[in-house]
Amino acid sequence: MAEPTVRMSGIVLASLMFQHVNSDSDVEGLILGESKFEEQITISDSQADHIHIEEIYNIQKHISCQKLNNFYNSVGEVNVETVKKILADNKQESVIGWYRQRRNTDQQMTFRERLVHEKLKSSLSNPHMIFVLLTPSKLTSPGSTHRTEYAAFISRSRRMVNVPVLVNNLGLLEQLAYWKVSAPCSAVGYNLTMKKHGSKFFSSNGFLREVNEVNKMNDSLQSELQKACSDVEESERQVETLLADVSALRKRVGEKKQNGAGKDADNRPAEQKNNLLLHEAVRALFACSPLFCTQTLTLEAFPVPDVNADALTAQETLSPTHTATTNSRKRLKEMPLGRERKRRKSRS
């Protein structure tokens, strides 16, 4: 179900208050404007697009009566001829309701006001009628400061429902929201001007021509973006299949390398064991051979003295003295034996 709201400009509300302050008694009259159903689109940061239908009553003008109970009697019957006189040059179709200003009272409709409201709906053949109630009061005793409360009512199934009133230049938009609301105007000159020059700037759907061009460009960009996204998705899938093939080939190559390494190990000849005795014999016989000798040099290119070589040279120097001593001992042992033989021969 559509949500009803009443909208009026600050100028209209100020004129109503000013008229009531300058009068000595309560005031009532008719409200002119238009009522319509509007599709409101709210675009916010949390929600991309939210559409809701709203029943809007735009108050554009008010006509006050010269006295109370002017267009209705004590029973609540509405006099249509009197209403036409009050309207004067205004059209009857522009009447969307009526208003009343009462001093120092509550924000509630009386029984007579409800009867007049229902009779006015049937007399003007307009089921969408509103009633605006203003209740001013003095805040200070000298009357320098006044407070005025206002409310709007509509009838739903014989019940009066309070409707919120929005003042256009006083209300603030919701935070994080962007509204697209049309500003209605019922002036005859405005309508004629819009019909005459509107085709140059507006298209058949009511939007600016530049807006339509921007929408077309946006649609083409969206289509191109969708194509690019599909191409990227297809290329990514191809890359995934190629990576799977590469990993499978690498796995096969690794298995082949492992199998080849095992076969080479089986075909490789057994290592020959070293003959330790032969090595020791060769070292003993050819220890001093230049083929088996290596020389270590210092940083200054001088040979490093070898401890093993010094030990061998020392043994070689000692060995001839030792052999000489052994030979001399043998000779000493042999000498007495020869002398004894000579002595024996001489004795004999």
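1. Surface patch. A nonpolar patch on the surface is formed by Phe201, Leu208 and Val211, which together have about 240 Å² of accessible area. Patches are made of residues with over 30% relative accessible area and no salt bridge, with like charges joined within 9 Å and nonpolar side chains (Val, Leu, Ile, Met, Phe, Trp, Tyr) within 5 Å. Accessible areas come from the Shrake-Rupley method with a 1.4 Å probe, and for residues only the protein chains shown count as cover. Phe201 belongs to helix 4 (residues 188–201); helices (H or I, at least four residues) and strands (E, at least two) are DSSP runs numbered from the N terminus. With a relative accessible area of 47%, Phe201 is partly exposed, where buried means under 20%, exposed over 50% and partly exposed in between (1.4 Å probe, protein chains only).

2. Basis of the model. This is a predicted model in which local features need pLDDT of at least 70 and side-chain atom pairs count only at pLDDT 80 or more, whereas totals for chains, interfaces and linings use all residues. Residues are numbered from 1 along each chain as its sequence is written, and side-chain values use heavy atoms, with hydrogens and water left out.

3. Nonpolar cores. The largest nonpolar core has 22 residues, and those with the most contacts inside it are Leu30, Phe71, Val83, Leu87, Trp98 and Phe153. Such a core is a set of buried Ala, Val, Leu, Ile, Met, Phe, Trp, Tyr and Cys residues joined through side-chain atoms within 4.5 Å. At least two residues of this core are supplied by each of strand 2 (27–44), helix 2 (80–87), strand 4 (95–101), helix 3 (111–123), strand 5 (130–138) and strand 6 (146–156). Helix 2 gives the largest share, three residues. A second, separate core of 19 residues includes Val12, Ile130, Val132 and Leu134.

4. Surroundings of Trp98. Leaving aside neighbours within four places in sequence, Trp98 is in contact (heavy atoms within 4.5 Å) with residues including Glu28, Gly29, Leu30, Phe71, Glu113, Leu120 and Phe131. Ile130 and Val132 are also among the contacts of Trp98, and both are included in the second core.

5. Gly29. This residue has its place in strand 2 and is buried, with a relative accessible area of 0%. Not counting residues up to four places away in sequence, Gly29 touches Ile63, Ser64, Cys65, Trp98 and Tyr99. The C-alpha atoms of Gly29 and Ile86 are separated by 8.8 Å, although the two residues are 57 residues apart along the chain.

6. Cysteines. The structure holds zero disulfides, a disulfide being a pair of cysteine sulfur atoms within 2.5 Å. Cys65 is buried, at a relative accessible area of 10%, whereas Cys229 is partly exposed, at 45%.

7. The structure holds eight salt bridges, each defined as a side-chain nitrogen of Lys or Arg within 4 Å of a carboxyl oxygen of Asp or Glu. In one of them Arg100 pairs with Glu28, the closest N and O atoms being 2.7 Å apart. This pair links distant parts of the chain, with Arg100 in strand 4 and Glu28 in strand 2, 72 residues apart; both residues are buried. Arg102 forms a salt bridge with Glu113, for which the closest N and O atoms are 3.0 Å apart. Here Arg102 lies in the loop between strand 4 and helix 3 and Glu113 in helix 3, 11 residues apart, and both are again buried. Through salt bridges that share partners, Glu28, Arg100, Arg102 and Glu113 are joined into one network.

8. Glu77 and Lys119 meet through their side chains in a salt bridge (3.4 Å, N to O). Glu77 lies in the loop between strand 3 (50–64) and helix 2 and Lys119 in helix 3, so this pair ties together parts that are 42 residues apart in sequence. Glu77 is partly exposed at 39% relative accessibility, and Lys119 is partly exposed with a relative accessible area of 31%.

9. Backbone points to check. Most residues other than glycine have a negative phi. Asn69, a residue other than glycine, has a positive phi near 55°; Asn69 lies in the loop between strand 3 and helix 2 and is partly exposed, with a relative accessible area of 35%. Ser125 also has a positive phi, near 55°. Ser125 is found in the loop between helix 3 and strand 5 and is exposed, with a relative accessible area of 65%.
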